[in-house]
Amino acid sequence: MSITERVDAITHMQEQHRIPAPPCPKSVKIELTARCNLQCSFCATASNLRDKSDMDWEFYSQKLLPELRAAGVEEVGMFFLGESSILPWLDEAIAEAKRQGFPYVFLTTNGTALNYEKIESYLAAGLDSLKFSLNYADAEQFAEITRVKPALFQRLLMSIREAKEIRDGGDYTCGLYASYIDYDADQGRRMRALVDKVAPYLDEVYALPLYSQADLTGADSSDKGWAVRAGNPGRAGNMQEPVPCWSLFTEARVTHDGRLAACCFDHDGRFDMGNLLDENFMGAWHSDKFQRLRTEHLKGDVRGTACEHCVAYA
């Protein structure tokens, strides 16, 4: 299955998910760290709206993973809002997830903190999918958006080439992918040369729309002349309506401090649906608070909920 087919399988809600207490999600993203080495202007992570720490290993390995697997989760992402490659134990986290029986372990990274040894350790640990966030057409745009030194753009490109070399040389089966954000009508054209350059090293490259990140960065992005989408409609070319938002029904996210987040962009804790340090995963997934929020989405009107401004941004 291609990565876009996997994305679409999550963002396309089937009828069995369109209920206040949907079945166990197939996919869960785990915030091993909330820290990031970039300060991208389109992302609210740089605003430090909540604590930026790392997940406790005992919680991850002895409570969270066993509960997710027992509930029926099949895919675990080794990231959420932070950059997991800055963690020295990411390879151990991948290996532990595979040891506990998860069929598909995936990672999205900005690529700038990687090196040959890290990539090799991830693939050797059993990583099934490695995706690069290729959100910049060149070093100049990279520096402008990330607000870090432009030389790191070359590290990103080198990481892509190294991943291909390591995978093929080690006979690993990990898929290699990249996505980029269509900030405006011209970004696709700007990206064309770069996509052509990296395409030989990747299995698939696809575009994403620019999100308002729960209305935390939408106004700033619009001020730049960028086209902002409400909610999280999925990937460009196959976008869904913002309400009901698939994010509440088909995929879960766990923050570094053990909170179950209803939103893909829960930078400030307003979408906290339960504390997994104290309660079971499925208990939080079916909590009264989560069911009430889903009910409003199913009605098609999220005014007065935590999702109000994100959706109304359109």
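The legends below describe an overall view and close-up views of a predicted model. Local features need pLDDT of at least 70 and side-chain atom pairs count only at pLDDT 80 or more, while totals for chains, interfaces and linings use all residues. Residues are numbered from 1 along each chain as its sequence is written, and side-chain values use heavy atoms, with hydrogens and water left out.

**View 1. Overall fold of the protein.**
The protein contains eleven helices and ten strands (DSSP runs numbered from the N terminus; helices are H or I with at least four residues, strands are E with at least two). Its radius of gyration is 18 Å, close to the 20 Å that the globule rule gives for 314 residues, so the protein is as compact as a globular protein of that length. The radius is taken over C-alpha atoms, and the rule is 2.2 Å times the number of residues to the power 0.38. The C-alpha trace spans about 50 × 45 × 35 Å along its principal axes. Of the 314 residues, 55% are buried (under 20% relative accessible area, 1.4 Å probe, protein chains only).

**View 2. The largest nonpolar core and Phe281.**
This core has 95 residues, and those with the most contacts inside it are Ile30, Leu32, Met78 and Phe281. A nonpolar core is a set of buried Ala, Val, Leu, Ile, Met, Phe, Trp, Tyr and Cys residues joined through side-chain atoms within 4.5 Å. Helix 6 (residues 151–170) gives the most to this core, with seven residues. Leaving out residues up to four places away in sequence, Phe281 touches Cys24, Pro25, Val28, Glu67, Leu68, Ala71, Val73, Ala252, Leu260 and Leu276 (contact means heavy atoms within 4.5 Å).

**View 3. Surroundings of Phe42.**
Phe42 sits in the loop between strand 1 (27–30) and helix 2 (57–71). With a relative accessible area of 9%, Phe42 is buried. Leu210 is 168 residues from Phe42 in sequence, yet their C-alpha atoms are 8.0 Å apart. Beyond the neighbours within four places in sequence, Phe42 is in contact with Asn135, Ile145, Ile181, Tyr183, Leu210, Gln213, Thr217, Ser221 and Trp226.

**View 4. Surroundings of His17.**
His17 lies in the loop between helix 1 (3–11) and strand 1. The relative accessibility of His17 is 16%, so His17 counts as buried. Not counting residues up to four places away in sequence, His17 touches Pro22, Pro23, Phe249 and Thr250.

Conventions: Buried < 20%, exposed > 50% of the residue type's maximum accessible area, 1.4 Å probe, protein only.
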